[in-house]
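This briefing concerns the structure shown below.

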Amino acid sequence: MNRAGILKSRWCNYEVLLQAWWEVKRNKSYFFSILAYEENLAVNLSNVLIRLENGTYHPRELRTFYVHDPKTRLIEAPYLEDRIVQHALLIVIRDIIERHFIHQSYACRRQRGTHAASDQLKSYLVNYKMEGYCLKVDIEKFFYSVDHRVLEKQLSRLIKCTPTLDLLKKFYANDSGRGLPLGNVTSQVLANLALDPIDHFIKRELKIRHYVRYMDDLVLLSKSKEELQNARIRISEQVEKLNLHVNRKTIISQIKNGVDFVGYRTWYNRRVIRKRNLYKIRRKLKQDANLNRIASYLSHAMRTNSLVYVIKQILLVVPERKEWIIKWYYKHKN
């Protein structure tokens with residue numbers, strides 16, 4: 001395998017930092033921090049560039065807070081300037097890393113995402129109708145458990161540029177030697193890389209034809225329950241080799257009951273939003289029924305059998321948005 005080298009000049013230049021700035025600014029143009037930084041954009045980016053060039057750049061301490069949706073997660077958010085550097089780095093290394101991924105890996109990749117992952121699963125289920133079985137594999141505390149030594153071995157197989165690897169390490173290094181900060185954009189790519197060996201094992205060794213992964217949620221389909229039972233054991237062994245663990249939510253279920261994946265329960269001929277997500281829509285809208293939230297719920301429900309229900313819940317809270325919803329629907333239905 002050819003490793004990528006001499007990458008520093010590609011991310012350590014003003015043009016790439018400016019490109020990264022536009023990535024960070026997207027959909028956040030009126031945030032105070034964005035406006036303040038943009039007042040002296042050229043000077044600010046030039047100062048970052050100088051520190052990157054002479055090796056004195058260090059990320060600031062992450063800002064931490066918890067979210068509860070539905071389970072409690074610790075978010076460690078980088079400051080604006082550090083987000084710019086992360087995006088600049090990813091502009092160069094994202095394709096180097098992702099070209100080794102299999103097609104069935106969908107999380108945090110361009111032209112992918114939850115909708116594409118769900119569509120892929122639905123297309124697989126056509127081969128089964130209401131027969132067969134599904135193995136859902138879930139990794140225990142995945143983001144908090146990624147082993148840095150294992151991750152660095154994987155990175156070194158793809159990249160040999162020491163300054164690039166050193167800069168990347170600054171965004172996840174900690175005293176425990178484990179875990180990736182949930183707020184870093186670099187963490188998304190690295191988390192995908194962490195489970196890439198499992199993807200190749202499932203496709204090449206187990207030869208499972210119908211398989212799809214979204215981050216640490218793995219779905220395998222088969223008409224043989226015994227095949228999936230064997231796969232469950234062997235996948236657990238491979239996950240252990242990465243110093244990770246499969247948790248108790250890993251189960252084998254019948255396809256006729258629907259497959260719970262990326263927020264939907266899916267059959268070959270229909271798809272609905274998970275019940276717990278439907279229950280919280282009205283509650284969330286009562287807290288804040290802004291247009292961004294409404295559009296997010298409509299987008300999630302589009303192309304599902306839950307769309308009418310979601311629209312009704314929205315109109316119960318904000319009936320004055322009926323005309324806006326109709327326009328949004330006809331704009332996005334195709």
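A charge is said to sit over a ring if NZ of Lys or CZ of Arg is within 6 Å of the ring centre and within 35 degrees of the ring normal. By that criterion the charged end of Arg271 sits over the ring of Tyr264, 5.7 Å from its centre. The model is predicted, so local features need pLDDT of at least 70 and side-chain atom pairs count only at pLDDT 80 or more, while totals for chains, interfaces and linings use all residues. Residues are numbered from 1 along each chain as its sequence is written, and side-chain values use heavy atoms, with hydrogens and water left out.

**Overall dimensions and secondary structure**

- The chain contains 16 helices and nine strands, where helices (H or I, at least four residues) and strands (E, at least two) are DSSP runs numbered from the N terminus.
- The chain has a radius of gyration of 22 Å, close to the 20 Å that the globule rule gives for 334 residues, and is therefore as compact as a globular protein of that length; the radius is taken over C-alpha atoms, and the rule is 2.2 Å times the number of residues to the power 0.38.
- The C-alpha trace spans about 60 × 55 × 35 Å along its principal axes.
- Of the 334 residues in the chain, 46% are buried (buried means under 20% relative accessible area, exposed over 50%, and partly exposed in between, with a 1.4 Å probe and protein chains only).

**Aromatic and charge-ring contacts**

- Rings of Phe, Tyr and Trp (its six-membered ring) pair if their centres lie within 6.5 Å; planes under 30 degrees apart count as stacked, over 60 as edge-to-face and the rest as tilted.
- The count by this rule comes to four aromatic pairs.
- One of these is the tilted pair of Tyr57 and Phe171, with 6.4 Å centre to centre and 50 degrees between the planes.
- This pair links distant parts of the chain, 114 residues apart: Tyr57 lies in the loop between α4 (41-54) and β1 (63-68), and Phe171 in the loop between α9 (162-170) and α10 (185-194).
- Tyr57 and Phe171 are both buried.
- Phe142 and Phe143 form an edge-to-face pair, at 5.6 Å centre to centre and 75 degrees between the planes, and both of these residues are buried.
- The ring of Tyr106 has the charged end of Arg112 over it, 4.9 Å from the ring centre.

**Cavities**

- On a 1 Å grid over the protein atoms alone, a cavity is a set of points where a 1.4 Å probe fits but cannot get out, and a pocket is an open set with protein on both sides within 12 Å along at least five of seven lines; lining residues have an atom within 4 Å of a point.
- Grid points are joined across faces, edges and corners, and a volume is the space filled by probe spheres set on the points.
- There are two cavities of 30 Å³ or more in the structure.
- The largest cavity holds about 40 Å³ of space, and its lining comprises Val146, Asp147, Val150, Leu151, Gln154, Ala194, Leu242 and Leu244.
- Helix α8 (residues 148-156) gives the most to this lining, with three residues.
- The lining of the largest cavity has six nonpolar, one polar and one charged residues (Ala, Val, Leu, Ile, Met, Phe, Trp, Tyr, Cys and Pro count as nonpolar, Asp, Glu, Lys and Arg as charged, and the others, Gly among them, as polar).
- The second largest cavity holds about 30 Å³; among its lining residues are Tyr264 and Arg271, the partners in the charge-ring contact described at the outset.
- Helix α6 (residues 114-125) gives the most to the lining of the second largest cavity, with three residues.
- By class, that lining has two nonpolar, four polar and three charged residues.

**Second largest pocket**

- The second largest pocket contains about 410 Å³ of space.
- Its lining consists of 13 residues, of which Glu23, His87, Arg94, Arg110 and Gln188 lie nearest its centre.
- Elements giving two or more residues to this lining are α2 (14-25), α5 (80-98) and α10, and α5 supplies the largest share, four residues.

**Loop residues with positive phi**

- Most residues other than glycine have a negative phi.
- Lys141, in the loop between β3 (133-138) and α7 (142-145), has a positive phi of about 45 degrees.
- Lys141 counts as exposed because its relative accessibility is 59%.
- Asn243, in the loop between α12 (225-241) and β6 (251-254), has a positive phi near 60 degrees.
- Asn243 is partly exposed, as its relative accessible area is 30%.
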